[in-house]
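Here's a quick tour for anyone opening this one up for the first time. Have the sequence and the 3D view side by side as you read.

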Amino acid sequence: MASQALIRDFEDLIGKENVFSSEADRQSYSYDSAVLAPVVPSLVLRPTSTEQLGVCVKKLYDNGIPMTVRGAGTNLSGGTIPDNTDTVVILTNGLNRIIEINSDDLYAVVEPGVITAQFAAEVAKKNLFYPPDPGSQAVSTIGGNIAENAGGLRGLKYGVTKDYLMGVEFFDATGEIVKSGSRTVKCVTGYNLAGMLVQSEGTLGIISQAILKLVPPPKASKALMAVFDEVQDAAEAVAGIIAAHVVPCTLELLDNNTIVRVDDYTKAGLPREAGAILLIEVDGHPAQVADDAEAVERVLKANRARAVHVPKDAEEKFKLWEARRMALPVLARCRPTTVLEDATVPRSQIPAMMKAVNEIAAKHKLEVGTFGHAGDGNLHPTFLCDKRDKDEFHRVEEAIDEMFDVALKLHGTLSGEHGIGTAKSKWMEKETSRGTILFSQRLRRALDPKGLFNATKLVGI
Amino acid sequence: MSNLHELSQRLMALDDRITACMKCGMCQAVCPMFGASGMEADVARGKLALIDNLAHEMIQDPEAVADKLGRCLLCGSCQASCPPGVQIMDVFMEAREIVNAYLGLHPVKKMIFRALLPQPSVFNLAMRVGAPMQGLMFRSTGAPQGTVCAPMLNFMLGDRHMRPLAKKPLHVRHGALDERRQPGGIKVAFYPGCMGDKMYVDMAEACLKVLRHHNVAVFMPKGLTCCGIPALSSGDADGMVKQMKVNLKALDGGDFDYILSPCGSCTSTVKELWPRYAGRIGAVEKRKADQLAAKAMDINAFLVDVLKVQPAGTPAGNATSVTYHDSCHLKKSLGVVSQPRAVMAANPAYKVVEMAEPDRCCGCGGSFNLFHYDYSRKIGQRKRDNVVASQAEVVAAGCPACMMQLEDVLSHNKDRVRVMHTVEIYAESLK
Ligand SMILES: Cc1cc2nc3c(=O)[nH]c(=O)nc-3n(C[C@H](O)[C@H](O)[C@H](O)COP(=O)(O)OP(=O)(O)OC[C@H]3O[C@@H](n4cnc5c(N)ncnc54)[C@H](O)[C@@H]3O)c2cc1C
Ligand code: SF4
Ligand code: SF4
């Protein structure tokens, strides 16, 4: 726990009500959504203005105290778990103002603690659209989204958080304020530091403000569900759709185990014997939507889709997407521990990856369900286990090791969207190179000489 | 309980259920307490982690844990939307009981839960003595909700605006009821709940009127008392069990097909909690509680599902607009959602308009309201803003505790929105 003197200093600086030092409070910031051991921080601070944030960072820097910034703590890679028990956690939920939504120039300026879904809803009230929609959007924050470069179901057509970041303002480790980007569509002033902050996982700076791009909402959309006997065919259909130059906004895959589990739970009447289903949505101008849907259907049939369903009304469409939304919740109900992974491969390699995941699971006698953003090649093999069963959990770890080996061999990546944190840092060199690690560490040390920002995350410092 | 070790052993027994929490954090989206405080320790994820750590004796401060556990409305919103379906409410209730057993119950709570509430005659007497004295302490707020406040009792009640106690409680007005069943007809036990009996008597009368209109015979014995949920939420399972025993005895021997309450909290207690705790008294009581639970039904659900009350069709041109607040116990525990809306729509003089977030907790939370009035008001303000934004003239709920909270926040804001029970709205349309 932090010294009484330090606690009092912070109470003077940002108010007693924003400094949390009790054991119970501190321990509730010792974990995030990753399946990793908790580490209790020494103190928790909640600045309520940019100025207060700067003051906190400076004071911690001057005292050489490590710090970890935390949005909603929904990251799946341990990014918000303190490096050690000296660490101070800085919360961003005191910085949660939407400063501006500009309908003429199509941008918004927000503080980092703004909740993604709430932001999207405010924007929608002005008939504008903020597409990034991670599954955690009801609680995750814009700061966390930028720092993890979060993506969502619409990533295929609309891209991910980085594609909407026009500018940032952030504090470096010494407490200096840094700005990059602007409210203009074009801006080439200085280094693209905004790009650097994307997926930096709290290691380079603490974002205090972001300028986000907005787009006009699509006028129409249409959903389809295709049923395949073989995963292989579904995967080939994915590649076929893209090759036909149709870019759906969403293209999701559910494997057999996931289908069965979801159907057991929802009794939705899903095709239980199907090897896989694809859920597809096309959007845009009504004429384009009709064309695209037709083209998609053609490709699906050409790739041996056993059936293609088009929901006839909004209610049926809702039910269709419900199957996808329920994938994780339903799998999570099966066993005490759910380890959701994030293996991502080029789209053409999805069949090989799916095959490998199932073989690896069988070899280690583990249950796995795979679903994910097939259109992006971003799969979420989800291992079901009980982490208290040491042997079983060890087998899960081994399986994950092997799975990433396969993903990398297939020219894939360790993480499509959940980040590296501490959970995957040991594989970084395998995907990149020794030089990449050293370069990244040099960069970090130059910007954060005392190694105070999330030092153990990503590549270490 | 003698020591922290024993305490942690009991908590360890909850381990299985706590482990099911995958720490996804999705409960943050729906937790009213987290919405108001923004503190991780206040949301289900934080509380489960706290209980888990306490179980492993990492925290040596059970008072702090008791305090954190108390910062919860037990609204069940987290459980209703938890992806892996963690039985959060069971864990919280049990953890409160365990921590409470270790720390001991607050003397005031002990007096209320174990001496006052299990003795209906003493409870009723206290309230009857209190009712005429209200005039001395309370004065009208002048708000459209007809609320009163008591500046002299601020130390105890805070700046609350509330409905005055009824001059004559329901049980005094009617005595014991045991009406004769019509040939082939239905007979119900009517459980008005403390608030239906002592504060919202007009609401309880409206229920009786509706039941009579539909030729339903009513059984309302003497000697009913609190259902026990306030005691249980305070960690006093013994107090709750005592109160349940009194009620089981009062209802014993009655011939009825359903037991109905206009209070969502009472209904869910009878339906879900009595059978769970009755085994602690004995096998006979357990059987009785199980039988009652099978017959327990929310009055809205009874009107719609059993009596087939239906919406009246197009509302009148000058219909009063009413918006509906989904009480947590009704929606999240009992799954009663469409029926209260249908009951209101059965009166063509009203038109139902939806507010934003109708199922977001209003912030009452039973005894939470007593101990965390500041948060309760803060949470209530969001509900008030949604009610006002709906532009409805009336806000209705299916739970008197929510009605009390709605009246408090609306009255403080001097809003011209009246608060009614859904059944009162329907009753108005009956001759
Ligand atoms: C059920 C569930 C579904 C999910 N679905 C998706 C999905 O579909 N797509 C996806 O991409 N991810 C998904 N995630 C992962 C996670 O929600 C995202 O990574 C999200 O962006 C994290 O946001 P957060 O506010 O919770 O950030 P946190 O978890 O609090 O923080 C994440 C990282 O960002 C850093 N950080 C936070 N705020 C700042 C700031 N102001 N400045 C600098 N660094 C900061 C932290 O230090 C940490 O390293 C999901 C997670 C869960 C639990
Ligand atoms: S929603 Fe459920 S599983 Fe997720 S953190 Fe909350 S309690 Fe745990
Ligand atoms: S019961 Fe309600 S107040 Fe308590 S943690 Fe769950 S959502 Fe929050």
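Ligand 3 has 13 residues around it, and the closest are C31(B), C72(B), C75(B), C78(B) and M89(B). Keep in mind that this is a predicted model. Sorted by class, that shell comes out as 10 nonpolar, 2 polar and 1 charged residues.

Now for a sheet elsewhere in chain B. It's an open one with 5 strands, ordered 3-5-4-6-7, and the pairing is mixed. At the edges sit strand 3 and strand 7 of chain B, each pairing on one side only. As a bit of background, strands of a sheet pair through backbone hydrogen bonds, either parallel or antiparallel. Strand 3 and strand 5 of chain B go the antiparallel way, over 2 bridges. Look there for D178(B), which stands opposite F219(B) in strand 5 of chain B.

What lies across strand 6 and strand 7 of chain B? That's helix 16 of chain B, running at about 155° to strand 7 of chain B.

Here's where to find some of those strands:

| Strand (chain B) | Residues |
|---|---|
| Strand 3 | 177-178 |
| Strand 5 | 217-220 |
| Strand 6 | 258-261 |
| Strand 7 | 296-298 |

Over in chain A, an unreviewed UniProt entry places the feature "domain: FAD-binding PCMH-type" at residues 37-217. Across residues 37-217 of chain A, the chain is 22% helix and 22% strand, with the end C-alpha atoms 42 Å apart.

How values were computed: Residues are numbered from 1 along each chain as its sequence is written. Chains are lettered from A and ligands numbered from 1 in the order in which they are written. This is a predicted model: local features need pLDDT of at least 70, side-chain atom pairs count only at pLDDT 80 or more; totals for chains, interfaces and linings use all residues. Side-chain values use heavy atoms; hydrogens and water are left out. Two strands pair if DSSP finds at least two bridges between them. Helices (H or I, at least four residues) and strands (E, at least two) are DSSP runs, numbered from the N terminus. Contact means heavy atoms within 4.5 Å. Axes are lines fitted to C-alpha atoms, for helices over the stretch in contact, and angles run from 0 to 180 degrees between N-to-C directions. UniProt positions are given in the numbering used here, feature names are shortened, and annotations may be inferred rather than shown by experiment. A residue is near a molecule or strand if one of its heavy atoms lies within 4 Å of it. Ala, Val, Leu, Ile, Met, Phe, Trp, Tyr, Cys and Pro count as nonpolar, Asp, Glu, Lys and Arg as charged, and the others, Gly among them, as polar.
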